[in-house]
Amino acid sequence: MANPTHTDPASRWLLAVAQFPAEDPAMRMKVLRTLDALGAGVLREGVYLFPETPENRQALDRLADYMAKGAGTMHVVHTTASSPAQHQAFRALFDRSGRY
């Protein structure tokens, strides 16, 4: 595989970093279900990865607005993989073949 570059659209990602309110489990479940429906790659609890697309950005912005209306927060950050190995690891998060 070619080495992804910062200008290659396939190498650009969005990170959604969420802080869920302890006092609102319903919000937490709604956000987690929405992230799952959007196809999030889970890096760790509260940190979710998405390919950078206008659709993903728009959906994450809406989700961040929803969380801000409650007691939660979500930051959406642009990032790129720092190496070809990391790029492959990111892509592997979206392999759903074992799920179906």
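What follows is a chat about the sheet, helices and cores of this predicted model.

Q: Hi! Let's start with the sheet: in what order do its four strands come?
A: The order is β2-β3-β1-β4, in an open sheet with antiparallel pairing.

Q: And which are the edge strands?
A: Those are β2, residues 41–44, and β4, residues 73–80, each of which pairs on one side only.

Q: How much are neighbouring strands turned against each other?
A: On average by 30 degrees, ignoring direction.

Q: Okay, zooming in on β1 and β3: how many bridges pair them?
A: Five bridges, in the antiparallel sense, between β1 (residues 12–19) and β3 (residues 47–51). As for who faces whom, Ala16 stands opposite Tyr48 of β3, and Leu15 stands opposite Leu49 of that strand.

Q: What about β2 and β3, how many bridges there?
A: Three, and the pairing is again in the antiparallel sense. Gly41 has Leu49 in β3 as its bridge partner.

Q: Which residue takes a positive phi in that hairpin?
A: Gly46, with phi near 90 degrees; the hairpin of β2 and β3 has two residues between the strands.

Q: Is β3 mostly covered or mostly open?
A: Mostly covered: four of its five residues are buried.

Q: Switching to helices. At what angle do α1 and α2 pack?
A: At about 175 degrees, with the axes of α1 (residues 25–38) and α2 (residues 54–69) 11 Å apart. An angle over 145 degrees counts as roughly antiparallel, so that is how α1 and α2 run relative to each other.

Q: Which residues make that contact?
A: From α1 you have Met27, Lys30, Val31, Thr34, Leu35 and Leu38, and from α2 Ala59, Leu60, Leu63, Tyr66 and Met67. They divide into nine nonpolar, one polar and one charged.

Q: Which strands does α2 touch when it packs on the sheet?
A: β1, β3 and β4, and the direction of α2 makes about 155 degrees with that of β4.

Q: And α3, where does that one lie?
A: Helix α3, residues 84–92, lies across β1, β2, β3 and β4, and runs at about 65 degrees to β1.

Q: Let's talk cores. How many residues are in the largest nonpolar one?
A: It has 16 residues, and those with the most contacts inside it are Val31, Leu35, Tyr48, Phe50, Leu60, Met67 and Met74. At least two residues come from each of β1, α1, β3, α2 and β4.

Q: Which element gives the most?
A: That's α2, with four residues.

Notes
Residues numbered from 1 in each chain as written. Predicted model: local features only at pLDDT ≥ 70, side-chain atom pairs only at ≥ 80, totals over all residues. Heavy atoms only, no water. Axes fitted to C-alpha atoms, helices over the stretch in contact; angles between N-to-C directions. Parallel < 35°, antiparallel > 145°, perpendicular 65-115°, else oblique. Contact = heavy atoms within 4.5 Å. Nonpolar A, V, L, I, M, F, W, Y, C, P; charged D, E, K, R; others polar. Pairing = 2+ DSSP bridges. Core = buried A, V, L, I, M, F, W, Y, C linked by side-chain atoms within 4.5 Å. Buried < 20%, exposed > 50% of the residue type's maximum accessible area, 1.4 Å probe, protein only.
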